[in-house]
Amino acid sequence: MEYDTHTADLPNNSYPPLQLTGERTLPGIAAENYWFQRHLAVYQYILPLAEGGRVVDLGCGEGYGTNLLATRAREAVGIDLAPEALYHARRTYRRPNLTFKYGDISSLDIEDSSFDLVCSLQVIEHLPDLERFMREILRLLEPRGTCVLSTPNRLIISPGRETPLNPFHIFEFDSRQFSEFMWNYFPEVEVMGLFHVGRLRIHDFVARKNFSQFCLEPPPFLQRRFYLPWFLPSLKTCNFKIRGTRLHQALDFIGLSRKARGDTTREEA
């Protein structure tokens, strides 16, 4: 059986192992497990939407999410412009219905109306031209196809700041801004939020600080004796919950939207 491990479309034919840079999350690293489980929880939430359909994951990064979607989709395609991430994904995740493509997610050489589900999780905050990106999503979606976007809540991830704390982020949304952004492109929109539950919610209460902020600068002694050896590795997707209330307090927003049937005006505008 042939798998997608070619390198002819990449700038180089070999890349070193992926390293944490703050631009993308990676699985299997204790210090990164909070962020990995937080992102994985959203992929698990949207997994039923992939059932039996053609799915594309724009800005797929390391590939773990696209690989998960492929367990339910008829076909899953992950696309990213980082060649080192694509090289890693092609060698790590191998399924007959799974493909990883190298390309600009805002300008793809893929036929119109090709996918039932287009998802792009934790990506839009990195993009300089959101209008171009959203037009490309609309072009790729089949009529009545579903789009899912997720992005962090700027009030939580960059509290008290006008510019993003993360140097890889260009623009971050609050709940009102994100809702308005989604409604600008789709006739049907539902916005959900991701929240801490269980031990993460208890930690927020005890520390009087959201863990996503606290974990950036934990006390060194506790980091060595408590967080790295036990707390961080113990976190699972069950420590996060998705709901549609109190969105201003959400960690991340998840926008689920539907393309209009026979709507071409939105693509051509």
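**Entry 1. Second largest pocket**

I looked up the classes in the lining of the second largest pocket and found five nonpolar, three polar and six charged residues. In this scheme Ala, Val, Leu, Ile, Met, Phe, Trp, Tyr, Cys and Pro are nonpolar, Asp, Glu, Lys and Arg are charged, and the others, Gly among them, are polar. The model is predicted: local features need pLDDT of at least 70, side-chain atom pairs count only at pLDDT 80 or more, and totals for chains, interfaces and linings use all residues. Residues are numbered from 1 along each chain as its sequence is written, and side-chain values use heavy atoms, with hydrogens and water left out.

I noted 14 lining residues for this second largest pocket, with Phe195, Arg201, Asp204, Asn210 and Gln249 nearest its centre. A pocket here is found on a 1 Å grid over the protein atoms alone, as an open set of points where a 1.4 Å probe fits, with protein on both sides within 12 Å along at least five of seven lines; lining residues have an atom within 4 Å of a point. The second largest pocket holds about 370 Å³ of space. That volume is the space filled by probe spheres set on the points, which are joined across faces, edges and corners.

Which elements supply at least two residues each to this lining? I found strand S6 (188-196) and helix H7 (199-207). H7 gives the largest share, three residues. Helices (H or I, at least four residues) and strands (E, at least two) are DSSP runs, numbered from the N terminus.

**Entry 2. Largest pocket**

Next I read the volume of the largest pocket: about 1,100 Å³. It has 48 lining residues, and Gly22, Glu23, Arg24, Thr25 and His126 are the closest to its centre. Helices H1 (33-46), H5 (154-157), H8 (211-214) and H9 (220-234) are the elements that give two or more residues to the lining. H1 supplies the largest share, five residues. By class I have 24 nonpolar, 13 polar and eleven charged residues in the lining of the largest pocket.

I also checked one residue of H1, Arg38. Arg38 is buried, at 1% relative accessibility. Buried means under 20% relative accessible area, exposed over 50%, and partly exposed in between (1.4 Å probe, protein chains only). Arg38 and Leu194 are 156 residues apart in sequence, yet their C-alpha atoms are 8.3 Å apart in space.

**Entry 3. Strand S1 and its partners**

I turned to strand S1 (residues 54-58). Four of its five residues are buried. S1 pairs with strand S2 (residues 75-80) in the parallel sense over five bridges. Two strands pair if DSSP finds at least two bridges between them. Val56 stands opposite Val77 in S2. From S1 the chain crosses through helix H2 (residues 64-69) to S2, and I logged this β-α-β crossover as right-handed. Right-handed means that, with the strands pointing away from the viewer, the path from the first strand over the helix to the second runs clockwise.

S1 also pairs with strand S4 (residues 115-121), in the parallel sense, over three bridges. There Val56 stands opposite Val118.

**Entry 4. Salt bridges**

How many salt bridges does the structure hold? I found twelve. A salt bridge is a side-chain nitrogen of Lys or Arg within 4 Å of a carboxyl oxygen of Asp or Glu.

Arg90 bridges to Asp9, with the closest N and O atoms 2.8 Å apart. Arg90 lies in helix H3 (residues 83-92) and Asp9 in the segment before H1, so the pair ties together parts 81 residues apart in sequence. Arg90 is buried at 1% relative accessible area, whereas Asp9 is partly exposed at 30%.

Arg54 and Glu75 meet at 2.7 Å, N to O. Arg54 is in S1 and Glu75 in S2, so this bridge ties together parts 21 residues apart in sequence. Arg54 is partly exposed at 22%, and Glu75 is partly exposed at 26%.

Glu136 and Arg139 meet at 2.8 Å, N to O. They sit three residues apart in helix H4 (residues 130-140), about one helical turn. Asp112 joins Glu136 and Arg139 in a network of salt bridges.

Why do I call H4 largely enclosed by the rest of the structure? Because eight of its eleven residues are buried. Among them are Leu130, Phe133 and Met134.
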